[in-house]
Amino acid sequence: MGYLYILKSKKNGRYYIGSTINLDRRLVEHNAGKTASLRNLLPVELVFSKIYDDLGEARKMELHLKSLKSKNIIERIVRDKEVKTSF
């Protein structure tokens, strides 16, 4: 099982997309400052998550969303609570 997740900075509203096999542990790590790219954005909150059959699928979607580089798409996913395969 794998998770795709989206975090939002409470400091400036920026989004972070990630994937993991243990969502609770990863959120604690992020808010503890263990992710260099998030240190200046703390604290962060979980605004979206989706479970996949395996981590490979979650990572594939993570990379796809990151490649789009679109805040509008991320906000649509958060709003609709749904990841669509085509945008």
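A residue is called buried under 20% relative accessible area and exposed over 50%. The exercises below concern a predicted model.

**Exercise 1.** Determine which residues of helix α2 are buried, where they lie around the helix, and what they pack against.

*Solution.* 
1. Helix α2 covers residues 55-68, and at 1.5 Å a residue its 14 residues should span 20 Å; the end C-alpha atoms are 20 Å apart, so expectation and model agree.
2. The buried residues of α2 are A58, M61, E62 and L65.
3. Viewed down the axis of α2, these buried residues fall within an arc of 105° and therefore line one face of the helix.
4. The face turned away from that buried side carries the exposed residues K60 and L63.
5. The partners of the buried residues are β1 (2-9), β2 (15-20), β3 (44-52) and α3 (71-80).

**Exercise 2.** Describe what is found at the N-terminal end of α2 and what follows the helix.

*Solution.* 
1. The N-terminal end of α2 is capped by D54, with a side-chain oxygen 2.9 Å from the backbone nitrogen of G56.
2. After α2 comes K69, whose phi is positive, near 50°.

**Exercise 3.** Classify the aromatic pair found in a search of the whole structure.

*Solution.* 
3. Because Y5 lies in strand β1 and Y16 in strand β2, the pair ties together parts 11 residues apart in sequence.
4. Y5 is buried, at 1% relative accessible area, and Y16 also counts as buried, at 16%.
5. K66 lies over the face of Y16, 5.7 Å from the ring centre.

Terms used. Residues are numbered from 1 along each chain as its sequence is written. This is a predicted model: local features need pLDDT of at least 70, side-chain atom pairs count only at pLDDT 80 or more; totals for chains, interfaces and linings use all residues. Side-chain values use heavy atoms; hydrogens and water are left out. Helices (H or I, at least four residues) and strands (E, at least two) are DSSP runs, numbered from the N terminus. The expected span of a helix is 1.5 Å times one less than its number of residues. Buried means under 20% relative accessible area, exposed over 50%, partly exposed in between (1.4 Å probe, protein chains only). The arc is that of the directions from the helix axis to the C-beta atoms. Contact means heavy atoms within 4.5 Å. A polar contact is a pair of N or O atoms within 3.5 Å; within protein, one must be able to donate a hydrogen and the other to accept it, and residues adjacent in sequence count only if both atoms are side-chain atoms. Rings of Phe, Tyr and Trp (its six-membered ring) pair if their centres lie within 6.5 Å; planes under 30 degrees apart count as stacked, over 60 as edge-to-face and the rest as tilted. A charge sits over a ring if NZ of Lys or CZ of Arg is within 6 Å of the ring centre and within 35 degrees of the ring normal.
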